[in-house]
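Please keep the viewer open as you read.

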Amino acid sequence: MKVIRLKAVMETTGLARSTIYKYISLDLFPKPISLGGRSVGWLDAEVQAWIVSKVYVRDGVSE
């Protein structure tokens, strides 16, 4: 299991910081996990699964 930080999430998804947090507030993106203090990260597998779900939507494939 790998935890990635915001910069890596942004690079992986192509989304801006504000968009990521907007999608989180709308339950459209995986929630971050606390790493202590003010640090957060995302599980890489959850981010990758989110990307795959977008490909399914694009291709009209039901999960």
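## Ground rules

This is a predicted model, so local features are given only at pLDDT of at least 70 and side-chain atom pairs only at pLDDT 80 or more, while totals for chains, interfaces and linings use all residues. Residues are numbered from 1 along each chain as its sequence is written, and side-chain values use heavy atoms, with hydrogens and water left out.

## The chain as a whole

The chain holds 3 helices and 3 strands, in the order β-α-α-β-β-α from the N terminus. Helices here are DSSP runs of H or I with at least four residues, strands are runs of E with at least two, and both are numbered from the N terminus. The C-alpha trace spans about 40 × 25 × 20 Å along its principal axes.

Of the 63 residues in the chain, 24% are buried. Buried stands for under 20% relative accessible area, exposed for over 50%, and partly exposed for what lies in between, with a 1.4 Å probe and protein chains only. Among contacts (heavy atoms within 4.5 Å) with a separation of 6 or more, 40% are between residues 24 or more positions apart.

Helix 1 covers residues 6-13, and its buried residues are L6, V9 and T13. These lie on the same side of helix 1 because they cover an arc of only 60° around the axis, where the arc is that of the directions from the helix axis to the C-beta atoms. K7 and E11, on the other side of helix 1, are exposed.

What covers the buried side? The cover includes strand 1, helix 2 (17-25), strand 3 (39-43) and helix 3 (44-59). After helix 1 comes G14, which has a positive phi near 80°.

## L6 and T13 in detail

L6 belongs to helix 1 and counts as buried because its relative accessibility is 19%. Leaving aside neighbours within four places in sequence, L6 is in contact with R17, I20, Y21 and W42. L6 and Y21 are 15 residues apart along the chain, and their C-alpha atoms are separated by 10 Å.

T13 also lies in helix 1, and it counts as buried because its relative accessibility is 18%. Not counting residues up to four places away in sequence, T13 touches I20, F29, V47, W50 and I51. Its side chain has polar contacts too: a polar atom of the T13 side chain lies 2.8 Å from the backbone oxygen of V9, and the T13 side chain reaches the backbone nitrogen of L15 at 3.1 Å. A polar contact is a pair of N or O atoms within 3.5 Å; within protein, one must be able to donate a hydrogen and the other to accept it, and residues adjacent in sequence count only if both atoms are side-chain atoms.

## Charged pairs

Side chains of opposite charge can pair when their charged atoms come close. How many salt bridges does a search of the whole structure find? It finds 2, a salt bridge being a side-chain nitrogen of Lys or Arg within 4 Å of a carboxyl oxygen of Asp or Glu.

One of them joins the side chains of D27 and K31, at 2.6 Å from N to O. D27 sits in the loop between helix 2 and strand 2 (33-36), and its phi is near 60°, a positive value in a residue other than glycine. D27 is exposed because its relative accessible area is 58%, whereas K31 is partly exposed at 47%.

R58 forms a salt bridge with D59, with the closest N and O atoms 2.8 Å apart. R58 is exposed at 64% relative accessible area, and D59 is partly exposed at 45%.

## A nonpolar patch

Which residues make the nonpolar surface patch of about 220 Å²? They are V3, I33 and L35. Patches are made of residues with over 30% relative accessible area and no salt bridge, like charges being joined within 9 Å and nonpolar side chains (Val, Leu, Ile, Met, Phe, Trp, Tyr) within 5 Å. V3 is in strand 1 (residues 3-4) and counts as partly exposed because its relative accessibility is 39%.

Note on methods:
Accessible areas come from the Shrake-Rupley method with a 1.4 Å probe; for residues, only the protein chains shown count as cover.
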